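Subject: Structure handover

Hello,

Here is the structure for you to look over. My notes come after it.

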Amino acid sequence: MPKSKVSIYSSYQKLTEGIIHRSRSILIGLADFSMFFIRYFKELIRPPYEINEFVKQSYLIGNQSLALVGITGFIMGLVLTIQTRPTLAEFGAESWLPAMISVSIVREIGPVITALICAGKVGSGIGAELASMRVTEQIDAMEVSGSNPFKFIVVSRTTAAMLMLPLLTIYSDAISMFGSFVGVNIKGDVNFRLFFSQAFAQLSFTDLIPALIKTTLFGLVIGLISCYKGYYSDKGTEGVGQAANASVVISSLLIFIIDILAVQVSNFIID
Amino acid sequence: MEKESINKIKLGIFLVIGLSILGTGTYFIGESNQLFSSTFRIHSVFKDINGLQVGNSIRFAGMTIGSIESINMLSDTSVQVDMVIDTDKMQFIKKDATAIIGSDGLMGNKILNINPGSISGKIIEEEDFIGTIIPVSFDNIIQQLSKTSENAALITGDLAMISGNIKNGKGTIGKLFMDSVFAENINGTIVNVKDGAESFTQNMNAAKKSIFLRGLFKKKTRAEDKKKK
C-alpha cells in the first residue's frame, strides 16, 4: 500500500476511534448522571435529614445571592421599561407599559435571568467546592468514616438551590417591578398605586404558577449539575476549574432547554 | 455558633419577606380576578360575541365590576356568556339592564359593558338573564364601506362617460362646448333676438304715440302714480 494511502487510512481510523470514544464517554456520563439523579431523590426522602447543613446552604444560596439578584432585577425592569416606552408611545399606548412589563417579568425574564445569575454564582461555587473536596480527599474521608457524604453534600445543596431559587425569583420580580415603576416615572408621572393596579390587572395565576414551578426546576438543575460535576471531579487541581466551568455552562444550557419545554407544557395545559 | 444563629435569623427574615411578597402578589392577582370577593352570576345570550374571551372585564358605568366566567355555544346563532359580578354592585343593576360588547380602547381587549336599565326597574337576581344589544362590528362597517365604494365606482363611471360625450361633442351640452357651427348658430340667433327686441321697442314707442292707444297708456301711467302715492 502506498505511503499516502496509509496515512489517510490511519487518520480515518483515529477519527472513528475518537468519535466512538467521545460517544461512549457521553453515554457513560448520561448513565452516571441518571444514577446520581435517582440517588438524590432516594437520599432526599430517606432519614436522617441534614437540616443544619440544608439551612446553611439555603443561607449561602438565598441570602448571599440576594444583592446580585436584586441589582440585576432592578436594572432589568428599568431598562426594559425605557426600551419599550418609545414603541408603545408611537401607538399612544404608554398606559400599557405596566401590564406589559409585569407579564414579561413574571412569566419569563425574572425566572430565566435569576436562574442564569444563580447558575453563575451558585453553580460555579458548588462545582468548585465539591471538586476541591474530592481532590483533597475529604469526600473519601467522609465515606471511610461511615457518614453519608452524598446526603450531607449533594442533597443539602441541591434541595437548598431548588427551594431558594423560586424565592429569589419572587424578590427579583418585585424589585424589577419597582425598577419599571422608576423607569415609567423618568419620562412620565404615574402614581405608585395606579402603576401596580395596572400591573396586576393583566397578571393571572396562569402566569405566576408555571413561573414558580419552572424556577424550582431551574434550581434542581443548577444544584444537581454542579454537585455532579464537583462530586465526580478528577484530574487534580485542574479538575476544580473544569468542574466550576462545566457546572455553569451545562446548567445555563439546561435552563434554556427546560424553559422552552416549560413554556410548551404550560401553554398546552392552560389552553 | 453565634454566627450560625445570626445566619439562621437572616435566612428566616429572607424567607418571611419573600413569602410576604408572594402572598401580597397572590392577593392582588386574586383580587383582580375576583377570587377573594363575594360574587353573583348572571347570563346573557348573544348572536355574535365578537371575539370576547373568558376572563375579559365587565364594565358598569365605566367601573370594572366583574369578569367573564365562561362562554358556551347554544346553537349556530346563539352564544351564552356567563358573568361573575361583585355582589355589592348587584343593587345598581336592574332586570331590564342590557349588555353590549365593546373594546378597551382602539387596540385593547374586548370588554362587556352593562347598561344599568330603568330607575324604577326591579333589581337583578342571581342566575338572571339580561338582554343584549348587537354591537356594530368592524366587519359590518367594512361591508357598508364596500357597498358605498361600489356605488361610488358606478357614479364615477357614469361621470366619466358623460365627460367623454361632452369632449366628443355628443349631445346638446357637448355640441354647446365643442361644436363651432352650433356656437355660430347660437351667436346668430342671439344677434337676431337682439335685432327683434330693438324693432319691438321701436314699434311700442310708435304705438304709445298713436291716437288709438295714447289714452290707454296715459291711464296706465296715472294708475302707477297713484300707487306710488
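Below is what was found, starting with the fold and ending with the contacts between chains.

Please keep in mind that this is a predicted model.

Fold of chain A. Chain A has eight helices and zero strands. Along the sequence the pattern reads α-α-α-α-α-α-α-α. The radius of gyration of chain A is 23 Å, while the globule rule gives 18 Å for 271 residues, so chain A is more spread out than a compact globule. Along the principal axes, its C-alpha atoms fill a box of roughly 80 × 60 × 35 Å. Of the 271 residues in chain A, 39% are buried. Take the contacts in chain A between residues at least 6 apart in sequence: 88% of them join residues at least 24 apart.

Domains. Eight residues of domain 1 are in contact with nine residues of domain 2. On the domain 1 side, five of the touching residues are nonpolar, three are charged and none is polar.

Contacts between chains. Here 18 residues of chain A are in contact with 15 residues of chain B. Four helices of chain A each give two or more residues to that side: H2 (51–90), H5 (149–187), H6 (192–201) and H7 (205–231). H2 of chain A gives the most, with six residues. By class, the chain A side has 14 nonpolar and four polar residues, and no charged ones.

Best wishes

Technical notes. Residues are numbered from 1 along each chain as its sequence is written. Chains are lettered from A and ligands numbered from 1 in the order in which they are written. This is a predicted model: local features need pLDDT of at least 70, side-chain atom pairs count only at pLDDT 80 or more; totals for chains, interfaces and linings use all residues. Two residues are in contact if their C-beta atoms, placed from the backbone, lie within 7 Å. Ala, Val, Leu, Ile, Met, Phe, Trp, Tyr, Cys and Pro count as nonpolar, Asp, Glu, Lys and Arg as charged, and the others, Gly among them, as polar. The radius of gyration is taken over C-alpha atoms; the globule rule is 2.2 Å times the number of residues to the power 0.38. A residue is buried if 20 or more other C-beta atoms lie within 10 Å of its own, exposed if 12 or fewer, and partly exposed in between; C-beta atoms are placed from the backbone.
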